Amino acid sequence: MVVLGFWVTGLVMAITADPAAAMPALVSGTLLAGCLALSLHATLRGKFLVWQDVLDELDLRGDERLLDLGCGRGAVLLAAARRLPQGQAVGVDLWRGRDQSGNTPAATLSNARAEGVAGRVHVQAGDLRRLPYADASFDLVVSSLTVHTIRGTDARAQAITEAYRVLRPGGRLLIADLARTPREYAAVLARLNAVDISVCGLGWRAWWGSPWVPTRLLTARKPPIP
């Protein structure tokens, strides 16, 4: 409605007054429309395409055990499960509707059945700051746009520390999140002696309204046992 309001105002001014005076309203409306289009694309399509590429680049064997932090309805979890015919994809979440509509374990399992991967998908309720898993339980830990929702730098650091704890030696960690937060997580992992730490942008498909709100991917590895 705001975008439409700018355009209508601009058109009225262009017709009834000085066309030059209408330009700010028309330009503002166009920019807002572009921002809205980018956000919708990232939400409805872009983030799925990005994760398809990220998972393909992992060159998985297919027998790994993977944990998805804040799995929600299973977009990343199920994409991973399709690549793990002999493995297991585990999702953990607080299952809060305010974070994502229809966010329930039943919805995630229903989606897994629809995708034909229910036999290798498991979901569990849990707090990312206190994961209900033993040390060195997973070959891969992934997360998409979740950790930044934890309030407080120390609390987010605790979640990253937990993710690293449950990772097996030689295992890989991949966290996609907004703006500067992946660099914050990288600093935590450096203190934990993780290796191959990298932060990179995921491109325009994962921009949330503008290039100034990008999604960045943090990758790291737990050193193998000598």
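Colleague: What share of the contacts in the chain with a separation of 6 or more comes from residues 24 or more positions apart?

Modeller: In this predicted model, residues 24 or more positions apart account for 72% of those contacts. A contact here means heavy atoms within 4.5 Å. The chain has 6 helices and 7 strands, and from the N terminus the order is α-α-β-α-β-α-β-β-α-β-α-β-β.

Colleague: What is the predictor's confidence in the chain?

Modeller: The mean pLDDT is 82, and 73% of the residues reach 70 or more. Over residues 1-14, though, the pLDDT is below 50, and this stretch has 24 contacts beyond near neighbours in sequence. Residues 31-45 also stay under 50, and the model has 24 contacts for them beyond four places in sequence.

Colleague: How should coordinates be read where pLDDT is low?

Modeller: Where pLDDT is low, the predicted coordinates should not be read in detail. On a scale from 0 to 100, residues 1-14 are below 50, and residues 31-45 are under 50 too.

Colleague: Which residue just after α6 takes a positive phi?

Modeller: That is Asn193, with a phi of about 70 degrees.

Colleague: How do you know that the buried residues of α4 line one face of the helix?

Modeller: The buried residues of α4, which covers residues 105-115, are Ala107, Thr108 and Ala112. Seen down the axis of α4, they lie within an arc of 140 degrees, so one face of the helix is lined by them. Ala106, Arg113 and Ala114, on the other side of α4, are exposed, meaning over 50% relative accessible area. The buried residues of α4 pack against α3 and β3 (121-125). Just after α4, Gly116 has a positive phi of about 75 degrees.

Colleague: Why is Arg73 called partly exposed?

Modeller: Its relative accessible area is 31%. Buried would need a value under 20% and exposed a value over 50%, so Arg73, at 31%, counts as partly exposed. You will find Arg73 in the loop between β1 (65-69) and α3 (75-81).

Colleague: What distance separates the C-alpha atoms of Arg73 and Asn111?

Modeller: They are separated by 7.4 Å, while the two residues are 38 residues apart along the chain.

Colleague: Last topic: which residues line the second largest pocket?

Modeller: The lining is made up of Val50, Asp53, Val54, Glu57, Leu58, Arg172, Leu174, Cys200, Leu202, Arg205 and Leu217. Two or more lining residues come from each of α2 (19-57) and β5. The largest share belongs to α2, with 4 residues. The space in this second largest pocket is about 160 Å³.

Methods
Residues numbered from 1 in each chain as written. Predicted model: local features only at pLDDT ≥ 70, side-chain atom pairs only at ≥ 80, totals over all residues. Heavy atoms only, no water. 1 Å grid on protein atoms, 1.4 Å probe; cavity = no way out; pocket = protein on both sides within 12 Å on 5 of 7 lines; lining within 4 Å. Points joined across faces, edges and corners; volume = space filled by probe spheres on them. Buried < 20%, exposed > 50% of the residue type's maximum accessible area, 1.4 Å probe, protein only. Arc of directions from axis to C-beta.
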